[in-house]
Amino acid sequence: MSSANEETAKLTIGDNEYELPIRVGTEGNRAIDIGQLYAQTGHITLDDGFANTGPTMSTICYVDGENGALRYRGYRIQDLAEQCDFTETAYLLIYGELPNAEQLEDFRANVRNHTLLHEGMRRVFSGFPPHAHPMAILSAVVGALAVYDKDSADTVDLAQSELAIYRILAKMPTIAAFSYKQSIGQPFIYPQNHLTYCQNFLHMMFAVPSEQYNMPVDFVNALNVLLILHAEHGQNCSTSAVQMVGSSNVNLFSSISAGICALWGALHGGANEACIDMLEMIMADGRQLGKYIDLAKDKDNPFRLMGFGHRIYKNYDPRATVIKEIAHRLVNKYAADDPLFEMAQELEEVALSDPYFIERKLYPNVDFYSGIIYRIMGIPKNMFTVLFALGRLPGWVAHWREMHLAPGKRIHRPRQLYTGHSEREFVPLIKR
Ligand code: CMC
């Protein structure tokens with residue numbers, strides 16, 4: 001949604017002046033529409049890291065980085081985290097409105113109906129070596145759904161797309177939990193469809209055939225909130241990857257698989273695992289906080305404070321505020337005086353009073369405290385980013401669907417400014 005706007009931006013190139021339309025979003029955010037720029041002027045724009053580029057208009061989520069606010073379809077994430085469950089949030093993100101009771105039950109039933117995987121897929125899991133990272137398994141197995149569930153792989157067919165959405169939402173927790181079981185050599189635990197989305201995932205992760213598994217309700221609730229908080233965040237790296245790949249009209253499963261790969265990197269979703277690695281390293285090195293703050297500031301050293309900083313937030317990440325509160329509650333109840341949590345808070349305090357971090361507006365992001373909670377829940381470090389992927393899934397799906405339903409959808413195909421050699425004579429191998 002953008003309002004019609006008479007205002008234009010004027011661009012002067014040499015003796016020529018061009019008018020570019022200005023689009024205004026519902027929150028007053030503004031964009032210069034350069035859709036006709038190349039056709040009109042023969043110029044492209046150059047924008048390293050896409051810091052100023054909006055590849056699309058979207059109604060899904062609003063991030064106010066200056067004020068630290070995040071809303072899904074207009075609803076504050078704090079309200080959703082308090083009053084919704086994850087499946088309800090997924091419906092909201094994908095279809096645009098909060099479901100009524102009947103719509104929600106239909107949606108839950110459709111998702112529940114698809115939690116099992118094709119039995120042949122067990123062989124895909126067993127082909128991975130021991131200790132394979134679960135993110136590698138997750139992306140590969142999600143990609144393999146394109147062949148196992150190929151009757152929902154046609155993106156142009158609306159009914160198939162709908163079926164693909166139910167399937168990916170239903171099967172991702174199963175694939176995620178099987179990836180973990182595969183990585184530790186335990187038998188797969190099949191989904192139990194009478195359980196909620198979060199209960200089912202914890203059951204598949206932690207139950208074993210030989211014993212009764214009792215899951216603490218606090219862990220189910222914490223997981224529910226964490227998944228909601230991770231569910232959507234606009235044009236982040238993985239969502240852009242899903243859209244970029246999906247824009248070619250490849251099936252949903254392949255597009256989500258690309259998003260999982262993008263998320264794995266330490267600068268994106270991989271930061272939650274990297275953050276706990278960093279905290280453990282600092283702890284093992286005698287809690288020398290000053291030393292690591294100095295390293296993070298040193299431009300000649302690649303070390304960065306993981307879980308700190310954000311392209312959009314120039315204020316406290318609102319997700320980190322909620323996550324820190326949950327961490328407090330769980331630490332008090334299950335891990336009194338967790339030294340890692342205590343040290344993380346000290347590190348935050350030192351960083352937030354350091355001019356380097358103040359000037360650059362670097363605050364804790366969603367990944368700084370989430371690992372503290374996962375540790376208490378018994379989730380191993382290499383599953384942290386898998387949990388991020390489970391949470392982000394509805395956001396990926398929502399953008400994929402919005403893109404395909406948009407009139408005039410086009411393949412994503414950026415340009416580049418070529419700075420290589422001009423045409424030159426080929427030199428045969430013998431003369432090189
Ligand atoms: N530690 C030390 N310095 C930092 C950090 C950090 N974590 N983050 C940014 N800076 C510095 C950076 O060196 C640069 O300094 P200067 O202006 O002197 O060159 C300045 O702050 C601006 O940073 P940038 O790299 O231009 O910012 P960016 O928007 O390109 O990168 C980021 C954003 C999240 C990749 C980066 O802040 C970072 O690497 N953080 C650590 C990794 C992390 O926590 N990632 C999770 C992000 S939130 C979850 C998600 O969406 O994936």
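Colleague: Which residues form a nonpolar patch on the surface?

Modeller: In this predicted model, the patch consists of Tyr38, Ile44, Leu46 and Leu417, which together have about 410 Å² of accessible area. Of these residues, Leu417 is placed in the segment after helix 18 (384-405).

Colleague: What is the order of the strands in the open sheet?

Modeller: Let us start with the general idea. Strands of a sheet pair through backbone hydrogen bonds, in either a parallel or an antiparallel manner. Here, the open sheet has three strands in the order 1-2-3, and their pairing is antiparallel. Strand 1 (8-13) and strand 3 (30-32) are the edge strands, as each pairs on one side only. From one strand to the next, the twist averages 30°.

Colleague: How many bridges join strand 2 to strand 3?

Modeller: Strand 2 (residues 16-24) and strand 3 run antiparallel and are joined by three bridges. Within strand 3, Ala31 is the bridge partner of Arg23.

Colleague: Where does Lys361 lie, and what is its phi?

Modeller: Lys361 lies in the loop between helix 16 (355-359) and helix 17 (367-376). Although Lys361 is not a glycine, it has a positive phi of about 55°.

Colleague: Why is Lys361 classed as partly exposed?

Modeller: Lys361 is classed this way because its relative accessible area is 39%, whereas buried means under 20% and exposed means over 50%.

Methods
Residues numbered from 1 in each chain as written. Predicted model: local features only at pLDDT ≥ 70, side-chain atom pairs only at ≥ 80, totals over all residues. Heavy atoms only, no water. Helix = DSSP H or I, 4+ residues; strand = E, 2+ residues; numbered from the N terminus. Buried < 20%, exposed > 50% of the residue type's maximum accessible area, 1.4 Å probe, protein only. Patch = residues over 30% accessible without salt bridge, like charges linked within 9 Å, V, L, I, M, F, W, Y side chains within 5 Å. Areas by Shrake-Rupley, 256 points an atom, 1.4 Å probe, with all protein chains shown as cover. Salt bridge = Lys/Arg side-chain N within 4 Å of Asp/Glu carboxyl O. Pairing = 2+ DSSP bridges. Axes fitted to C-alpha atoms, helices over the stretch in contact; angles between N-to-C directions.
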